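This report describes the salt bridges, nonpolar cores and selected backbone features of one protein model. Please consult the sequence and the structure shown here.

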Amino acid sequence: MRAKLFVLSILVSGISWAVAQQSGVFDQRSLAKVYQTKAPSLDVLPEITYSYISANSADAFWQTVGKEHKPLLQMLNRDIMGRISPSDSLIVPDQLGLDHRAYSPFPKYYAGAELLDKFFVVDKSYQLYAAYEFGKLVRWGVVSTGRKGAKAIWTPSGRFNFNWRQDFRISSDSPPGQEWRLNWVSNFYLERGIHTHQYAIPVVGAASHGCVRMIDADAKWVYNWHRGWVMKNKQLLEQGNMVIVQGEDLSRAKKLFVKEKSGPHLKMIALPPDPWTVEAGSPQQKMFDRRRERHQSATEQSR
C-alpha cells in the first residue's frame with residue numbers, strides 16, 4: 001500500500017491576468033510581486049484606512065488605482081475578484097506600495113508565539129496563512145484548503161508540526177495515466193494521505209482535496225523558511241516548527257472587511273492566546289505532547 005502524506009504545497013500556474021479574471025483564479029506571477037517591498041521593521045508601518053472606489057468598467061478602475069497594485073487588491077477583495085462588473089466597488093487602502101504586512105488581517109505582533117522561533121498558521125475561514133518569528137509577523141498570503149466532496153475532504157484543524165520537505169514529487173494519488181506534480185512540498189501531517197496538485201488557486205477559497213494550496217512564491221518561501229523534524233538512524237528525535245490550522249470549513253472565503261459608517265474596516269483574525277492549548281491534530285503531535293508532559297513532570301519532581 002502506498003504511503004500517503006499530508007502536505008503543504010503549491011500549484012504552479014502560468015495563467016495570465018486576463019484568464020484569471022475570467023476563470024476566477026489567482027494570477028500567481030502578479031501576486032508574487034506583493035512581497036517585493038520590505039520595510040526595515042514592523043514598527044515603521046503606518047495604520048491603514050480603507051475606502052470604496054467604483055468604476056464604470058474594470059479597465060477604468062485599474063487606470064484609476066494603477067495596474068501595479070492589482071496583486072494586493074486581489075488579496076483584499078477576494079470575494080469579488082474574477083467577476084468584477086461595472087457596478088462593483090472595490091476596497092482600496094489609503095496608502096499603496098507599502099510592505100504587504102501593513103495590510104495584514106493577522107496581528108503584526110502575536111504574544112502567543114514570542115517564545116517560538118517560527119510559527120505558522122492557516123485560517124480556513126479567510127483562506128489565508130501567516131508566518132511569525134518570535135511573535136513578529138514576517139509574511140502572510142492566500143491559500144486554498146480542502147473542500148468536502150466526492151473525492152475531497154476538509155482540511156483538518158488542530159496543532160501540527162512541520163515534518164519532511166521535498167522540492168519535487170509526484171503525488172501517490174495521481175489518477176491512472178496522469179501525474180500530479182508537486183513542488184516545494186512541506187509536510188505537516190504525516191499520517192493522512194491528502195495532497196495538492198498542479199491546478200490553479202480559485203479565488204473563492206476552499207477547493208483542494210484536503211491540502212493547503214499556495215502560490216509558487218509562497219510555497220518556495222515556506223519550504224526554505226521552516227525547520228522540519230530531526231531524524232537520526234530512522235528515529236524521530238525532535239518535531240519541527242509549530243503549525244496551527246484554525247477556522248471554519250466553508251466553501252467560500254469570508255470577507256475581510258466589515259461595512260461601517262466611516263467606511264470599510266479590516267477584520268483582524270484572532271489567534272489562540274496560547275497555541276500550546278490548541279488540540280493536537282495528529283497522532284505524531286500527540287506523541288510529542290506526551291513526551292513533553294513526561295519531561296515537564298520529571299523536571300518538577302527533581303526540583
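Are D289 and R159 buried or exposed? Both D289 and R159 are buried, where buried means under 20% relative accessible area, exposed over 50%, and partly exposed in between (1.4 Å probe, protein chains only).

The model is predicted: local features need pLDDT of at least 70 and side-chain atom pairs pLDDT 80 or more, while totals for chains, interfaces and linings use all residues. Residues are numbered from 1 along each chain as its sequence is written, and side-chain values use heavy atoms, without hydrogens or water.

**Salt bridges**

The whole structure contains 8 salt bridges, each defined as a side-chain nitrogen of Lys or Arg within 4 Å of a carboxyl oxygen of Asp or Glu. Three of them are listed below.

| Pair | N to O distance |
|---|---|
| D289 and R159 | 2.7 Å |
| R292 and D289 | 3.0 Å |
| E238 and R227 | 3.6 Å |

The bridge between D289 in helix 6 and R159 in strand 7 (residues 158-161) links parts of the chain 130 residues apart; helices (H or I, at least four residues) and strands (E, at least two) are DSSP runs, numbered from the N terminus. R292 and D289 both lie in helix 6, 3 residues apart, about one turn of the helix. R292 is partly exposed at 23% relative accessible area, whereas D289 is buried at 9%. Salt bridges with shared partners also join D117, R227 and E238 into one network.

**Nonpolar cores**

The largest nonpolar core holds 56 residues, of which F106, F119, F120, Y132 and W140 touch the most other members. Such a core is a set of buried Ala, Val, Leu, Ile, Met, Phe, Trp, Tyr and Cys residues joined through side-chain atoms within 4.5 Å. Strand 5 makes the greatest contribution to this core, with 5 residues. A separate core of 7 residues includes W62, I80, L90 and V92.

**Backbone features**

Most residues other than glycine have a negative phi. Q127, in the loop between strand 4 and strand 5, has a positive phi near 55° and is buried at 1% relative accessibility. W184, in strand 9, also has a positive phi, near 55°.

P273 lies in the loop between strand 15 (263-266) and helix 6 and is exposed, with a relative accessible area of 78%. The C-alpha atoms of P273 and G112 are separated by 5.5 Å, although these residues are 161 residues apart along the chain.
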